[in-house]
Amino acid sequence: MQQNTFKDVKEISVKERVDIWQNLIEASGLQSATIVLFGGEPFLNLNYVNNLLTEATNRNLPIDYYSAVTNGVNLDANSIELLTKFPFSKYR
């Protein structure tokens, strides 16, 4: 979820990011994976995170759980709803 401060860099789409996850899981031969969201504040764009995790779920990626590095400042009822919708295990 790291945001790049360069103005000429294109944001990675949900599909592109999940493609990367899928390719890494397949190339490594892992039976399961853990995804850690970090960089800036991953919950600034809840729609993006929701779409990202929904896409990974719809593709049946073998993700055991998600973890997030957050300062918690932006956590509200919508954030909590998202965190309970997906298998989050750790918050840092």
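Trainee: What should I know about the model and its numbering before we start?

Mentor: It's a predicted model, so local features need pLDDT of at least 70, side-chain atom pairs count only at pLDDT 80 or more, and totals for chains, interfaces and linings use all residues. Residues are numbered from 1 along each chain as its sequence is written, and side-chain values use heavy atoms, with hydrogens and water left out.

Trainee: OK, how many helices and strands does the chain have?

Mentor: Three helices and three strands. Helices (H or I, at least four residues) and strands (E, at least two) are DSSP runs, numbered from the N terminus. In order from the N terminus, the elements go α-β-α-β-α-β.

Trainee: And what share of the residues is buried?

Mentor: Of the 92 residues, 33% count as buried. Buried means under 20% relative accessible area, exposed over 50%, and partly exposed in between (1.4 Å probe, protein chains only).

Trainee: Switching to helix packing: at what angle do α2 and α3 pack?

Mentor: Helix α2 (residues 46-58) and helix α3 (residues 77-85) pack at about 10 degrees, and their axes are 11 Å apart. The axes are lines fitted to C-alpha atoms, for helices over the stretch in contact, with angles running from 0 to 180 degrees between N-to-C directions. That angle makes α2 roughly parallel to α3. Angles under 35 degrees count as roughly parallel, over 145 as roughly antiparallel, 65 to 115 as roughly perpendicular and the rest as oblique.

Trainee: Which residues make that contact?

Mentor: From α2, Leu46, Val49, Asn50 and Thr54; from α3, Asn78, Ser79, Leu82 and Lys85.

Trainee: Now the aromatics. How many pairs are there?

Mentor: The count comes to three aromatic pairs. Rings of Phe, Tyr and Trp (its six-membered ring) pair if their centres lie within 6.5 Å; planes under 30 degrees apart count as stacked, over 60 as edge-to-face and the rest as tilted. Phenylalanine 43 and phenylalanine 88 make a tilted pair, 6.2 Å centre to centre with 55 degrees between the planes. Phenylalanine 43 is in the loop between β1 (33-37) and α2, while phenylalanine 88 is in strand β3 (residues 88-91), 45 residues apart.

Trainee: Are those two buried or exposed?

Mentor: Phenylalanine 43 is buried at 2% relative accessible area, and phenylalanine 88 counts as buried at 12%.

Trainee: Why is the pair of tyrosine 66 and phenylalanine 88 called tilted?

Mentor: Because their planes are at 40 degrees; the ring centres are 5.7 Å apart. Tyrosine 66 lies in strand β2 (residues 63-68) and phenylalanine 88 in strand β3, so the pair ties together parts 22 residues apart in sequence. Tyrosine 66 counts as buried too, at 3% relative accessibility. Phe43, Tyr66, Phe86 and Phe88 form one aromatic cluster.

Trainee: Last one: what is the phi of asparagine 60?

Mentor: Positive, about 60 degrees, although asparagine 60 is not a glycine. Asparagine 60 sits in the loop between α2 and β2 and counts as exposed, at 64% relative accessibility.

Key. Contact = heavy atoms within 4.5 Å.
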